[in-house]
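Hello,

Here is the structure I said I would pass on. Please look through it first; my notes follow below.

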Amino acid sequence: MPGFSEGQDVFSAIAAPARRAMLARLAQREMPMGELAEAFEMSLPAVSQHLGVLKDAGLVASRKAGRHRIYRLNPEPLKAVSDWVNTYEAFWTGKMAALGEYLEKSE
């Protein structure tokens with residue numbers, strides 16, 4: 001399947017709640033690592049490690065600004081997640097509709 005390993009990296013990257021929270025913060029605006037780290041109860045090296053995973057998956061990009069690295073969200077790889085979820089939308093919509101009908105009949 002073309003792009004599977006790429007998508008797999010994205011799924012692995014967003015598996016950790018801390019990384020999802022970092023992405024949510026970066027979705028608001030770009031920021032330096034120190035500012036990003038303020039919202040988390042972890043060391044700067046731990047934040048750096050999480051950012052490295054996100055960067056390797058293509059979800060985060062950085063640029064140098066003086067002595068700081070400024071991080072920003074790159075949402076394009078999340079399309080793989082969206083596409084995967086959308087393949088199951090019809091399934092779940094049908095299941096929920098059937099459940100609703102069943103519950104209406106059993107009242």
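Glu30 is partly exposed at 32% relative accessibility, where buried means under 20% relative accessible area, exposed over 50% and partly exposed in between, with a 1.4 Å probe and protein chains only. The model is a predicted one, so local features need pLDDT of at least 70 and side-chain atom pairs pLDDT 80 or more, while totals for chains, interfaces and linings use all residues. Residues are numbered from 1 along each chain as its sequence is written, and side-chain values use heavy atoms, with hydrogens and water left out.

Salt bridges

Glu30 forms a salt bridge with Arg63, and their closest N and O atoms are 2.3 Å apart. The term stands for a side-chain nitrogen of Lys or Arg within 4 Å of a carboxyl oxygen of Asp or Glu. Glu30 sits in the loop between α2 and β1 (31–32) and Arg63 in strand β2 (residues 60–65), so the bridge ties together parts 33 residues apart in sequence. Helices and strands here are DSSP runs, helices being H or I with at least four residues and strands E with at least two, numbered from the N terminus. Arg63 is partly exposed too, at 41%.

The count of salt bridges comes to 3. Another joins Glu35 to Arg29, with the closest N and O atoms 1.9 Å apart. Glu35 is partly exposed at 23%, and Arg29 is partly exposed at 43%. Lys79 and Asp83 also form a salt bridge, at 2.9 Å between the closest N and O atoms. These two are 4 residues apart in helix α5, which means about one helical turn between Lys79 and Asp83. Asp83 has 36% relative accessibility and counts as partly exposed.

The backbone oxygen of Ser12 is 3.4 Å from a polar atom of the Arg19 side chain.

Helix α5

Helix α5 covers residues 78–106, 29 residues in total, and spans 41 Å from first C-alpha to last, close to the expected 42 Å. The expected span is 1.5 Å times one less than the number of residues. A kink of about 35 degrees is centred on Glu89; the bend at a residue is the angle between axes fitted to the seven residues ending there and the seven starting there.

Aromatic pairs

The whole structure holds 3 aromatic pairs. Rings of Phe, Tyr and Trp (its six-membered ring) pair if their centres lie within 6.5 Å; planes under 30 degrees apart are stacked, over 60 edge-to-face, and the rest tilted. Phe11 and Trp84 have ring centres 5.5 Å apart and planes at 80 degrees, so they are edge-to-face. Phe11 is in helix α1 (residues 4–13) and Trp84 in helix α5, 73 residues apart, so this pair links distant parts of the chain. Phe11 is partly exposed at 30%, and Trp84 is partly exposed at 47%. Phe91 and Trp92 form an edge-to-face pair, 5.0 Å centre to centre with 80 degrees between the planes. Ring pairs also link Phe11, Trp84 and Tyr88 into a cluster.

Regards

Key:
A polar contact is a pair of N or O atoms within 3.5 Å; within protein, one must be able to donate a hydrogen and the other to accept it, and residues adjacent in sequence count only if both atoms are side-chain atoms.
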